[in-house]
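Q: Please go through the assignments in this model and say what each of them rests on.

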Amino acid sequence: MRGLNALGSLAGRTLLVEGAAGGVGSAAVEIAVAQGAGTVIGTASERNHEFLTSLGAVPTIYGPGLAQRLTTLAPHGVDIVLDTAASGSLDDLVAIAGDPKRVATVADHAGGHRLGTHVADAVNDSTLLSAAAELGGQGRYTPRIEQAYPLERIADAHAHAERGRTRGKIVICV
């Protein structure tokens, strides 16, 4: 929510979410749809396209050729971009948006500072948590848990996280 809020009102705008199938990206997609984004385009591997469609996003693959794919998906252009992936694509995302102030990253802080994008830190904020809870209560946002591990299996949880490509958060039960 902090990254989306940095981009201003979402109402009627076309938003690109880089890394849309992960825990943060999928939350961003749902919240953006709930906040009235006109179109949400999400990058993900093809195996996650059906999942993104179920969240209300228009899916596309990430990587080389993204700008060209977006000309078909968003003929009037992308208004704003949220990077949740730290995939090394931030320079390309700024070029797609046309202005670093139309891009926020929650994942590539060094790149964001270098390029002048909005950089959103993960900080507990009771106002944002309450807003997310309200959306959850309305059935418009569902936090996703990929896998839960007991504390004694924390090494397995780290190994799982390092493999990447999760559809939600990895939780450690204490």
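A: Ser-26 lies in helix H2 (residues 23-34), where helices (H or I, at least four residues) and strands (E, at least two) are DSSP runs numbered from the N terminus. The model is predicted, so local features need pLDDT of at least 70 and side-chain atom pairs count only at pLDDT 80 or more, while totals for chains, interfaces and linings use all residues. Residues are numbered from 1 along each chain as its sequence is written, and side-chain values use heavy atoms, with hydrogens and water left out.

Q: Which residues does Ser-26 touch, not counting residues up to four places away in sequence?
A: Contact means heavy atoms within 4.5 Å. On that basis Ser-26 touches Ala-20, Ala-21, Phe-51, Leu-55 and Arg-144.

Q: What joins strand S1 to strand S2?
A: Two strands pair if DSSP finds at least two bridges between them. Strand S1 (residues 14-18) and strand S2 (residues 39-43) are joined by 4 bridges and run parallel. Thr-14 has Thr-39 as its bridge partner in S2, and Leu-15 has Val-40.

Q: How is the crossover from S1 through H2 to S2 handed?
A: A crossover is right-handed if, with the strands pointing away from the viewer, the path from the first strand over the helix to the second runs clockwise. The β-α-β crossover from S1 through H2 to S2 is right-handed.

Q: What pairs with S2 in the parallel sense over 3 bridges?
A: S3 does, and Ile-41 stands opposite Val-58 in S3. The chain crosses from S2 to S3 through helix H3 (residues 49-55), and this β-α-β crossover is right-handed.

Q: Why is S2 described as largely enclosed?
A: Of the 5 residues of S2, 4 are buried, so S2 is largely enclosed by the rest of the structure.

Q: What is the order of the strands in the open sheet?
A: The sheet has 6 strands in the order S3-S2-S1-S4-S5-S6, with parallel pairing. Strand S3 (58-60) and strand S6 (118-119) stand at the edges; each has a single partner strand, so one side of each is left without a neighbour in the sheet.

Q: Which strands does helix H4 touch?
A: Helix H4 (residues 66-73) packs on the sheet and touches S1, S2 and S3. Axes are lines fitted to C-alpha atoms, for helices over the stretch in contact, and angles run from 0 to 180 degrees between N-to-C directions. The direction of H4 makes about 155° with that of S3. Helix H5 (residues 90-97) lies across S1, strand S4 (80-83) and strand S5 (103-105), and runs at about 155° to S5.

Q: What makes the link between the side chains of Thr-60 and Arg-69 a polar contact?
A: A polar contact is a pair of N or O atoms within 3.5 Å; within protein, one must be able to donate a hydrogen and the other to accept it, and residues adjacent in sequence count only if both atoms are side-chain atoms. The contact between the side chains of Thr-60 and Arg-69 is 3.3 Å.

Q: How does the radius of gyration of the protein chain fit a compact globule?
A: The radius is taken over C-alpha atoms, and the globule rule is 2.2 Å times the number of residues to the power 0.38. For 174 residues the rule gives a value near 16 Å, and the protein chain has 16 Å, so the two agree.

Note on methods: Buried < 20%, exposed > 50% of the residue type's maximum accessible area, 1.4 Å probe, protein only.
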